[in-house]
Amino acid sequence: MLSAMQGGLGLASGALVGFSLGLVGGGGSILAVPLMVYVVGVPEPHVAIGTSAIAVALNAGINLSNHARGGTVVWSCALTFAAAGIVGALLGSLLGKMVDGQRLLALFALIMLLIAALMLKTRARIGLADVKMDRSNMPAILGLGLATGTLSGFFGIGGGFLIVPALMLATGMPIINAVASSLVAVTAFGMTTASSYAWSGLVSWRLAGLFVAGGIAGGLAGTRLARHLSARRGALNVVFAAVIIAVALYMLARNLSVF
């Protein structure tokens with residue numbers, strides 16, 4: 001049973017997760033698990049992971065609808081990328097179970113720092129308008145979708161921080177379209193993980209509901225800010241990179257003992 005204090009903290013934590021997903025399309029799983037364990041006080045890590053998976057997937061779906069109403073989702077690319085990613089996520093999850101959890105987080109943090117550096121390097125790039133999937137970019141969409149899904153499954157996270165730059169690399173789309181389109185894959189990957197944990201009874205449905213409720217308000221705010229920043233050349237790339245760096249450094253600090 002959740003206390004009133006835990007319920008309030010769950011709502012606030014959900015708002016933060018929703019805001020991150022709406023703003024940069026990522027950070028949901030990385031934020032949700034530590035928030036559930038260290039802020040809300042969920043004693044069992046596996047329950048925190050399972051509950052965060054369903055909450056992040058539903059929050060991503062809600063944020064996806066917000067972006068879709070704004071016309072920023074490139075559906076042909078997003079759906080193909082997500083389909084390839086689901087296959088990769090299943091393969092990656094099998095490999096990830098063979099590696100120590102702390103080492104997984106430390107490796108992922110290093111990858112995030114590399115991605116942040118690439119995002120800052122290309123922050124002045126505007127991107128191609130009206131991108132659609134065709135014969136020229138389909139191999140890259142499928143290949144990077146498979147690779148990203150594999151890494152997401154391997155590290156046990158939604159993968160938004162990997163999906164956004166991968167979509168930009170595969171198609172050349174602007175970051176606002178990549179953020180919006182990435183939520184298709186985040187939703188799909190999250191539901192795949194959540195189904196497995198729910199089947200094992202490792203989901204706190206009440207806490208998941210509170211996270212989703214808080215995430216609705218946070219997601220609307222994040223989506224609005226993302227649209228505002230996308231009008232300023234490179235601003236959203238800088239915010240995206242800054243969030244990645246902050247989370248990556250925190251993860252490294254928590255897992256330095258593996259080196």
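1. Arg103 counts as partly exposed, because its relative accessibility is 45%, where partly exposed lies between buried (under 20% relative accessible area) and exposed (over 50%), with a 1.4 Å probe and protein chains only. Arg103 sits in helix H5, residues 101-121, and its C-alpha atom is separated by 9.8 Å from that of Leu252, 149 residues apart along the chain.

2. The model is a predicted one, in which local features need pLDDT of at least 70 and side-chain atom pairs count only at pLDDT 80 or more, while totals for chains, interfaces and linings use all residues. Residues are numbered from 1 along each chain as its sequence is written, and side-chain values use heavy atoms, with hydrogens and water left out.

3. The chain holds 10 helices and zero strands, where helices (H or I, at least four residues) and strands (E, at least two) are DSSP runs numbered from the N terminus. Of the 259 residues in the chain, 51% are buried.

4. Helix H1 (residues 4-24) packs with helix H3 (residues 45-69) at an angle of about 45°, their axes lying 9 Å apart; the axes are lines fitted to C-alpha atoms, for helices over the stretch in contact, and angles run from 0 to 180 degrees between N-to-C directions. H1 is therefore oblique to H3, oblique being what remains after roughly parallel (under 35 degrees), roughly antiparallel (over 145) and roughly perpendicular (65 to 115).

5. Tyr250 belongs to helix H10, residues 235-254, and is partly exposed, with a relative accessible area of 41%.
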